[in-house]
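Work through the exercises below with the sequence and the 3D structure open. Each task is followed by a solution in steps.

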Amino acid sequence: MSDCVLDESVILTDIEAKTKEQALETVAQNLVDQNLVKKSFIPAIIQREAEYPTGLPTNGVSVAIPHTDVKHVKTKTISLAILKHPVDFFIMGDGNNTTPVQLIFMLAMNEPNSQLSLLQKLMQIFQDEKTLTYIVNQKNKTDIKNLLKKKLGIT
Amino acid sequence: MAKKTVLVACGAGIATSTVVNGAIEEIARKNNIDVNLIQIKIAEVESYLDTADLLVTTAMTKKEYPFPVINARSFLTGIGTEETRKQILDELEK
């Protein structure tokens, strides 16, 4: 999994956003700026979130895992954004209820169905209240990167 | 018991269905059940109306389907996982 980008350039802290769309645009725009995804990734990810919400209530901090079709992606990347204040996302598989999301793990995947172990490890983080609380209060991007890489098994 | 065909679907067919797919494989293996898993986007369910026995999904389903539908969000959040596992196993053993 060494080919998955996860470094300081895609870890965003103190993100100010009033709506989920604003938050998604900020995170996706950064991926465009880093030349990791195509420009079309931005509208695609916002549209996908509207159609298939990705908010996940957890025992700690609610997270969202926005992602979209592989055709918009140049390089496989996991981007993390820590929001200054939680923003409501609709809950995955539930069109009526929202959850206050403070951690956005934006997945830019460049091939379908091939990253099972990476994704399973990511979901393990979501089930780990201590880690989520640690990340949401952490300002040092390198510390966050090192923790995530260790947890996800990325070298 | 006939081999069941199980659709595993999420919005994009990329991320969450991959995790759910892995979870169902594990359930099937542990219980010695032979199962035919098909990982798709939720929009593709229509093409499997005649052949599938069960749909396990993390996406919203607005339509009625001729087979049972199980929500599998718990595999992502860890909340209620055992219940979902049991629901799936019950359907596989029918």
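The model is predicted, so local features need pLDDT of at least 70 and side-chain atom pairs count only at pLDDT 80 or more, while totals for chains, interfaces and linings use all residues. Residues are numbered from 1 along each chain as its sequence is written, chains are lettered from A in the order in which they are written, and side-chain values use heavy atoms, leaving out hydrogens and water.

**Exercise 1. Describe the fold and dimensions of chain B.**

Step 1. Take helices (H or I, at least four residues) and strands (E, at least two) as DSSP runs, numbered from the N terminus. Chain B then has three helices and four strands, in the order β-α-β-β-β-α-α along the sequence.

Step 2. Compare the radius of gyration, taken over C-alpha atoms, with the globule rule, 2.2 Å times the number of residues to the power 0.38. For chain B the radius is 12 Å, close to the 12 Å that the rule gives for 94 residues, so chain B is as compact as a globular protein of that length. Its C-alpha trace spans about 30 × 30 × 20 Å along the principal axes.

Step 3. Count contacts, that is, heavy atoms within 4.5 Å. Of the contacts in chain B between residues at least 6 apart in sequence, 56% join residues at least 24 apart.

**Exercise 2. Find the aromatic pairs and classify them.**

Step 1. Rings of Phe, Tyr and Trp (its six-membered ring) pair if their centres lie within 6.5 Å; planes under 30 degrees apart are stacked, over 60 edge-to-face and the rest tilted. The count is two aromatic pairs over all chains.

Step 2. A:Phe105 and A:Phe126 are 5.2 Å apart, centre to centre, with 55 degrees between the planes, which makes a tilted pair. A:Phe105 lies in strand 5 (residues 98-108) of chain A and A:Phe126 in helix 3 (residues 116-126) of chain A, so the pair ties together parts 21 residues apart in sequence. Both A:Phe105 and A:Phe126 are buried.

Step 3. The ring centres of B:Tyr65 and B:Phe67 are 5.7 Å apart and the planes are at 5 degrees, so this pair is stacked. B:Tyr65 is buried at 14% relative accessibility, and B:Phe67 is buried at 6%.

**Exercise 3. Which residues of helix 4 of chain A are buried, and where do they lie on the helix?**

Step 1. In helix 4 (residues 129-137) of chain A, the buried residues include A:Thr131, A:Leu132, A:Ile135 and A:Val136.

Step 2. The buried residues fall within an arc of 130 degrees, so they line one face of helix 4 of chain A. An α-helix has 3.6 residues a turn, so residues three or four places apart point the same way.

Step 3. A:Lys130 and A:Asn137 are exposed on the other side of helix 4 of chain A. The cover over the buried residues includes strand 3 (62-64), strand 4 (77-90), strand 5, helix 3 and helix 5 (141-152) of chain A.

Terms used:
Buried < 20%, exposed > 50% of the residue type's maximum accessible area, 1.4 Å probe, protein only. Arc of directions from axis to C-beta.
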